[in-house]
Amino acid sequence: MNTQKKKRPQNTGRVLIWLLHYMSRYKLQAILVIACMIISAVCSVRSTYYLKPAINDHIIPLIGQRDPDLTGFLHNLLCMAILYLCAVAAAFLESRIMIYISNQVMYRIRTDMFYRMQRLPLSYFDEHNIGQIMSYYTNDVDSLSNMLRQSFPKIVEGGMTCISTLVTIFMVNYKLAFIVVLCELFMICILRILVKKNITHFAGQQQELSHLNAYAEEMIDGRSVVKAFGREKDVIERFRSVNERLFHSSSKADFYANSIFCVTNGIFNIGFTIIAVTGGLMSMHGLADIGTTGTFLLYYRNMYNPLTNISKQFNNLLGALAGAERIFQFIDTPEEPDEGKTELVNVILQSDGSLKETSRYTGHFAFKDCTADKKSSLKLFEGRLQFEHVDFGYKDSQLVLHDFNLSIEPGQKVAIVGTTGAGKTTIINLLSRFYEIQAGRILCDGIDIKTVKKECLRNMIVMVLQDTQLFTGSVEDNIRYGRFDASSADIMAAAELAHADSFIRKLPEEYDTILTHGGDFLSQGQKQLLAIARAAVSHAPILILDEATSSIDTRTEALIDKGFDSLMKDRTVLVIAHRLSTIKDADLIIVLDHGHIAEKGTHTDLLKQNGIYHDLCASLAGSEQQ
Amino acid sequence: MQKIKDIWNYSGQYKKYLAALPVMAALEVCCEVLIPYFMSDIIDKGVAEGDMDRLIRTGLFMVAVSVLLGITSFFMGYTCSVWASGVTRNLRQKLFEKIQTLSFQDINRIGNASIITRMSTDMNYIKKALGMVSSLIQCPMMILLTVIMTFKINRSMSWIFAANIPLFAFVLFLIIRFSRRHYRQLFQKYDLMNGILGEDTQNIRTIRAFEKKDYEYDRFHFAASSVMRESYHAEKITALNNPILQLAVNVSVIFLLYAGGINIIHGKMEPGDLFCMITYTNQILAQIMIIALILVPILSAQISLNRVFELLDTVPSQEDIKEEESLLPADGSICFDHVSFGYFDHEPEKYVLKDISLSLPSGSVLGIIGASGSSKSTLVHLLLRFYDPAEGTISVGGHDIRNYSFEALRSVIGFVPQKSILYSGTIRENLSFGNENATEEDMIYACRAVCAHDFIMSFPDGYDTRISEKGTSLSGGQRQRLCIARALIRKPDILILDDSLSALDTVTDQAVRKSLSSYYKGTTIIMIAQRISSIQSADQILVLDNGSVSGMGTHEKLLAENTIYREIDQSQKKNME
């Protein structure tokens, strides 16, 4: 759909090497394919060549004989049959192996892309939109697979057929061969010009098509406004004009595509005539014979298909290689760094105060330094978080946090407040290492989080994010995303805690209701309740709430409060909120202003200070109460 | 068969093109078949008998036929592309018009995404297949005529064709039959895989936060490997096509040569005829290859066509009454009389709105408050007839709203949806979506009423500023105000604000509410809100709880009588301490 996309690869050599690298696993098969191509091309050309002796040596001399000796003729036919058989068998084998290879390669490329995508730094997703990434998977992989399956074999095969045909006909009769080559060359030239013209028309059609689809999608998604304003007729009229434009460009593009075929077919037939007439004239003057003329006509026809194929496939090939280059760059994007060695493990707190590692959940965790000796390196997890002189900016030039220091005690409930853009969410992003800091350290229980394996780091933090992202699957599965070994009872308990149970019970299949497209029939508030339930099934010792109740009404929020209390028990908690009710009870309130901590303390302390927090509270309270 | 009739109907103004197709195809086929016949004439009569004149005459004939062939196929290409694009256009238009008539209930049932797929992907498949119809007409004609010609040339040898063609057809049929199931499954697997992909790209933060990359990888891995397996199976079968056909042709050529050779030796046939027969064999092969090539897309287009027609045949679940029978709402008074409603079915236990009764005189203000999921939005959607209630009646201006046409009813309502939906285009275009006849003054008046005029004028292009599709260049509050202005431009009798001031800061919120009531006096306003402060000055406040009326009255009355209202109030007041 993207017409601005590059049509040609920038560095064909590297793309080809990269592709070969993927194919290298299938060396044996690839060699077989090439062998098969050669065999099939040579055999089919060679078999046609047997036509000439069949007619010239075995049929014409025998005309009129009473008791003709057919052994030579039969022998000739047998050779032809064997060659045909070889050609067909080789072609079959080739396509079968090629299908195997291309499917395997596509599968590998797809899974490699996905594997890489899951490890790309989040900044990549800030810079690229979803449609773009999706088109790597769909458009580019599809055209690459088409290339491997069709364009590539057809071009190679066609090339081989043409070359071996040319060699053969020049050996048989170079004068007539010369005429054949002239006819073919003329056809190729015309074809190239037409194909080039056609591409621009095709691009125009694609552009109109994407206009139309975008318009239809916009109007279908925004149908409530269309209907509420009674604008159906106008919308239909506008669609009609877009549709009309598409009609014009698409009929033009189709017409050009069709005319390519007509023109080449016409030229082909004229060439056919020229060869027949010249062949006839030459045989009359003893420069050729009937068998040769007939064979040449067949050769000419045999070269027609490969030649048109090559011309048609050549542009596909370029397009596919350009796509392959994009895929290749995608896979080559550096992963988010993870040099951590320390793991977080479940431990049993033994009576003598020592720790024992276990695989099941005990409520206690410990850091385990995997580089050092096994036993001595367990360090009980407490949940103390420290930011030391942290510098960070999403772009290197613009720092969002500068020399940021913050210390959070185990089990503390910390609220972060501040205006939009003050850097509240940034702190959370850094804690989970969604982004890398430019300077300073972030410590958890004195351990630099850089030395903790990302997997463990993120498993120790559970988050309720600002906008709720749900997955296709049942409600239960979505809640279970917080912890896979959660039982159905755990899930219902979590849903009750989040006050989601009552609305889930009203869904057609209750907990088994399948959510599609991120839960399109749920309200924003209901989605947030599900996200809270999802967090509630997790055992992670650090809890982060980023505007977790922004779409939930105040009364329901008050009802969940109790649930939140049990959720926050024994956890270190970070809350970002714009509602006073959520902030007030925090052990520590941090007021962020342009990446700095402007004020710090408890609700009552801060109110007394009469500073930013006081003003903030006044405006919040004003809006909530007035 | 029904489909052919449907296609014929949708051909509309291009019916004559479609009718011309077989005629042109026949002409083209004749030319194509004549060429090898002339060739054999050149070889046998010209070369063998040394007749130079005849050779050149026949040669000229051949050139003439080739040119004629070029011309007919040129016109055929033109006819076919115009017709195919035309049918697609007509279908798209009808489809889009149909979608506009569908009710929300219908669209929810079918699904947004599915409708969009039908509009785009399915239509693309259909278009592609329509372009192949010319080949579908031409190929059988060509095969038939070629066989007839071989009969004419040599009756005794034509059995080779006669025996081969049904065999080809049978093998082809088997291949298509077996691969079709695989292809259908393959498409499903593709959908599954792309579904995971889209979702995972969108939800990348959640996946990271919950550290589920391995789980997602497994999920994708499974989907991708089933795509691979299915596509391998499907292609494996279709890959049999070419070798089998090639083999059949080759076998025919050898039989032809043998039988032809014997015939020539016995003087029953000329060498040129033999070449002609072999050329015909190749021609037949080419035609069958084309059929094999186009059958898969045509068959998959059939599935798409079914999906498109399924949508076209959907009977809208809401009936609109005729314009001339429609009344016109006299004023903005509203009355709900024991209204109940459920989305999924009309089982009373799944109702999301239960027994709602309220009466609103024209020009008064109603505030609605309640927990998330208490069906506040649903209530106003019923007023707009996005859905019809399962029980009870709703009246506007003294008449049941089912006595109005959709257009008449909605023309008196200004609706501001919860999600600020703006379209790609300029601010002016978006505003005039509310009322295309609005003057510049109307527009500025409405924008001043929602305190939007100043920020619009602060843009370099003012009202002609383009807003991108998702309106990223505007803040949430600005978008909301534009949406309200768009509704106000209609000078509605009834204004519905569905939590439409939520993104505004306190000062602007107050200012907007104040100017609304002074600029648009006499308009009935329904205002859904989260904050009590937003609605406490309303004439009536409706407290919804779980789809039922929990309380109704003024702020003071509800504070005194209604527990839920008091709780909401307290939960918001608590923060003041």
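This is a predicted model: local features need pLDDT of at least 70, side-chain atom pairs count only at pLDDT 80 or more; totals for chains, interfaces and linings use all residues.

Chain B has 21 helices and 12 strands. Its radius of gyration is 36 Å, whereas the globule rule gives 25 Å for 577 residues, so chain B is more spread out than a compact globule. Along the principal axes, the C-alpha atoms of chain B fill a box of roughly 120 × 55 × 50 Å. Of the 577 residues, 46% are buried. If you take the contacts in chain B with a separation of 6 or more, 77% are between residues 24 or more positions apart.

Now chain A. Here the count is 20 helices and 16 strands. The radius of gyration of chain A is 36 Å, well over the 25 Å from the globule rule for 626 residues, so this chain too is more spread out than a compact globule. The C-alpha trace of chain A spans about 125 × 70 × 50 Å along its principal axes. Buried residues come to 45% of the 626. Among contacts in chain A with a separation of 6 or more, 75% join residues 24 or more positions apart.

Back to chain B for a helix pair. How do helix H10 and helix H11 of chain B pack? H10 covers residues 241–265 and H11 covers residues 271–312; they pack at an angle of about 165 degrees, and their axes are 10 Å apart. An angle over 145 degrees counts as roughly antiparallel, so that is what H10(B) is to H11(B). The crossing of H10(B) past H11(B) is right-handed. On the H10(B) side, the contact residues include Leu245(B), Val249(B), Val253(B), Leu256(B), Gly260(B) and Ile264(B). H11(B) contributes, among others, Leu274(B), Ile278(B), Leu285(B), Ile288(B) and Ala292(B).

Next, the sheets of chain A. One is an open sheet of four strands, ordered S2-S1-S3-S4, with antiparallel pairing. Why is one side of S2 and of S4 left without a neighbour in the sheet? S2 (355–358) and S4 (378–380) of chain A stand at the edges and have a single partner strand each, so one side of each has no neighbour there. On average, neighbouring strands of this sheet are turned by 50 degrees against each other, direction ignored.

Within that sheet, S1 of chain A, residues 342–349, pairs with S2(A) in the antiparallel sense over four bridges. Asn346(A) stands opposite Thr358(A), and Leu349(A) has Leu355(A) as its bridge partner. S1(A) and S2(A) form a hairpin with five residues between them, and Gly353(A) in the turn has a positive phi of about 90 degrees.

The other sheet I want to show is open, has six strands and mixed pairing, and runs S10-S13-S14-S7-S15-S16 in chain A. S10 (461–464) and S16 (596–601) of chain A are at the edges with a single partner strand each, so each has one side without a neighbour in the sheet. Neighbouring strands here are turned by 20 degrees against each other on average, direction ignored.

Inside this sheet, S7 (residues 413–418) and S15 (residues 588–593) of chain A pair in the parallel sense over five bridges. Ile416(A) has Ile590(A) in S15(A) as its bridge partner. Helix H16 of chain A, residues 524–536, packs on the sheet and touches S10 and S13 (542–546). The direction of H16(A) makes about 170 degrees with that of S10(A).

That is the tour; I will take questions.

Notes. Residues are numbered from 1 along each chain as its sequence is written. Chains are lettered from A and ligands numbered from 1 in the order in which they are written. Helices (H or I, at least four residues) and strands (E, at least two) are DSSP runs, numbered from the N terminus. The radius of gyration is taken over C-alpha atoms; the globule rule is 2.2 Å times the number of residues to the power 0.38. A residue is buried if 20 or more other C-beta atoms lie within 10 Å of its own, exposed if 12 or fewer, and partly exposed in between; C-beta atoms are placed from the backbone. Two residues are in contact if their C-beta atoms, placed from the backbone, lie within 7 Å. Two strands pair if DSSP finds at least two bridges between them. Axes are lines fitted to C-alpha atoms, for helices over the stretch in contact, and angles run from 0 to 180 degrees between N-to-C directions. Angles under 35 degrees count as roughly parallel, over 145 as roughly antiparallel, 65 to 115 as roughly perpendicular and the rest as oblique. A crossing is left-handed if the near helix is turned anticlockwise from the far one by less than a right angle, and right-handed if clockwise.
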